[in-house]
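Good morning. I have one structure to show you today, and I will keep it short. Please have a look at it first.

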Amino acid sequence: MTAPVIARLDPVKLRENSYFALRDAFTRGAFAPGDTVSLRSLAEQLGVSMTPVREAVRRLVAEGALVDTRSRTLIVPPFDAKRAADLKSARLSLEALVLDQAMDQITPLDIETLEAILRRPHSGPPGLPDLQANYDFHFSLYRHSGSQVLLPLIEALWLQYGAYLNLIIKQPEAATIAEHSLHFAITDALRRGDRAAAQAALEADISRSFRFLIPES
């Protein structure tokens with residue numbers, strides 16, 4: 001298995017930074033379902049000692065991104081179609097709620113900022129979806145909801161979804177998707193104040209990725 005690329009850290013606030021660096025890697029699909037994870041390897045990649053990594057991993061286990069087995073081996077949860085379907089249902093429900101709340105707060109300047117994210121130069125491997133732009137767009141939009149309850153729940157769902165995202169981006173069809181078409185459909189609807197169109201575009205955006213995992217969805 002090719003080792004995921006994880007940014008090294010400055011020796012400041014190592015515990016929190018270790019957690020956020022690993023959470024970001026999981027959310028971006030750096031790990032695949034069933035991967036075995038070594039504390040030592042993670043510590044070496046981050047450039048820190050085992051202690052902050054051990055604490056970060058403990059949090060990731062609690063959040064469902066990793067499983068600590070009886071043999072003390074850490075693994076990314078294997079693919080499970082029912083779990084994927086549950087994640088899809090949860091994402092559709094919660095993200096629709098925060099989108100609706102965000103539409104009560106968002107301004108024309110905010111919408112321009114969202115579209116600027118979509119127009120940034122592509123980051124990441126060529127020929128693959130720009131996962132950083134995708135993440136930045138969704139969470140920049142959702143933060144306009146101001147929800148202190150729903151946002152952490154959605155972040156946790158994306159954390160668990162990250163391993164499945166690893167499977168999705170490896171599908172040949174993933175490279176053929178016009179990845180920001182539905183994002184621009186969302187911003188167009190936001191500009192018009194059309195809640196139904198914004199919700200429909202968001203649902204289509206979430207659903208199409210899950211079709212790579214559960215084709216009947």
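Some ground rules before that. This is a predicted model, in which local features need pLDDT of at least 70 and side-chain atom pairs count only at pLDDT 80 or more, while totals for chains, interfaces and linings use all residues. Residues are numbered from 1 along each chain as its sequence is written, and side-chain values use heavy atoms, with hydrogens and water left out. When I say helix, I mean a DSSP run of H or I with at least four residues, numbered from the N terminus.

Let me begin with the cores. A nonpolar core here is a set of buried Ala, Val, Leu, Ile, Met, Phe, Trp, Tyr and Cys residues joined through side-chain atoms within 4.5 Å. Buried means under 20% relative accessible area, exposed means over 50%, and partly exposed is in between, with a 1.4 Å probe and protein chains only.

How many residues does the largest nonpolar core have? It has 39, and those with the most contacts inside it are Leu99, Leu141, Tyr142, Ile154, Ile186, Leu190 and Phe210. The elements giving two or more residues to this core are helix H4 (81-103), H5, H6, H7, H8 and H9. H7 supplies the largest share, 10 residues. There is also a second, separate core of 22 residues, which includes Ala25, Leu66, Leu74 and Ala163.

Take Leu141 as an example from the largest core. Contact means heavy atoms within 4.5 Å. Setting aside neighbours within four places in sequence, Leu141 is in contact with Leu99, Ala102, Ile106, Leu114, Ile186 and Leu190.

Leu114 brings us to helix H5, residues 108-118. In H5, the buried residues are Asp110, Ile111, Leu114, Glu115, Ile117 and Leu118. Because they cover an arc of only 150 degrees around the axis, they sit on the same side of H5. The arc is that of the directions from the helix axis to the C-beta atoms. An α-helix has 3.6 residues a turn, so residues three or four places apart point the same way. On the other side of H5, Pro108 and Leu109 are exposed. And what covers the buried residues? The cover includes H6 and helix H8 (181-192).

The search runs on a 1 Å grid over the protein atoms alone: a cavity is a set of points where a 1.4 Å probe fits but cannot get out, a pocket is an open set with protein on both sides within 12 Å along at least five of seven lines, and lining residues have an atom within 4 Å of a point. Grid points are joined across faces, edges and corners, and a volume is the space filled by probe spheres set on the points.

The structure holds three cavities of 30 Å³ or more. The largest cavity has a volume of about 310 Å³. Its lining has 20 residues, with Pro129, Asn134, Leu165, Asp205 and Ser209 nearest the centre. Helix H6 (131-143), helix H7 (150-169) and helix H9 (195-210) are the elements that give two or more residues to this lining. The largest share, five residues, comes from H7.

The second largest pocket holds about 170 Å³ of space. Its lining is made of Leu39, Arg54, Val57, Arg58, Val61, Asp68, Arg72 and Leu74. Helix H3 (residues 50-62) gives the most, with four residues.

Ala189 lies in helix H8 and counts as buried, because its relative accessibility is 0%. Leaving aside neighbours within four places in sequence, Ala189 is in contact with Met103, Asp194, Ala197 and Ala198.

Gln132, in helix H6, is partly exposed, with a relative accessible area of 28%. Gln132 and Asp24 are 108 residues apart in sequence, and their C-alpha atoms are 9.6 Å apart in space. Not counting residues up to four places away in sequence, Gln132 touches Asp24, Arg28, Arg120 and Ser123.

Where is Glu179 found? It is in the loop between H7 and H8. Glu179 is partly exposed, at 21% relative accessible area. Beyond its neighbours within four places in sequence, Glu179 is in contact with His122, Pro129, Asp130 and Arg208.
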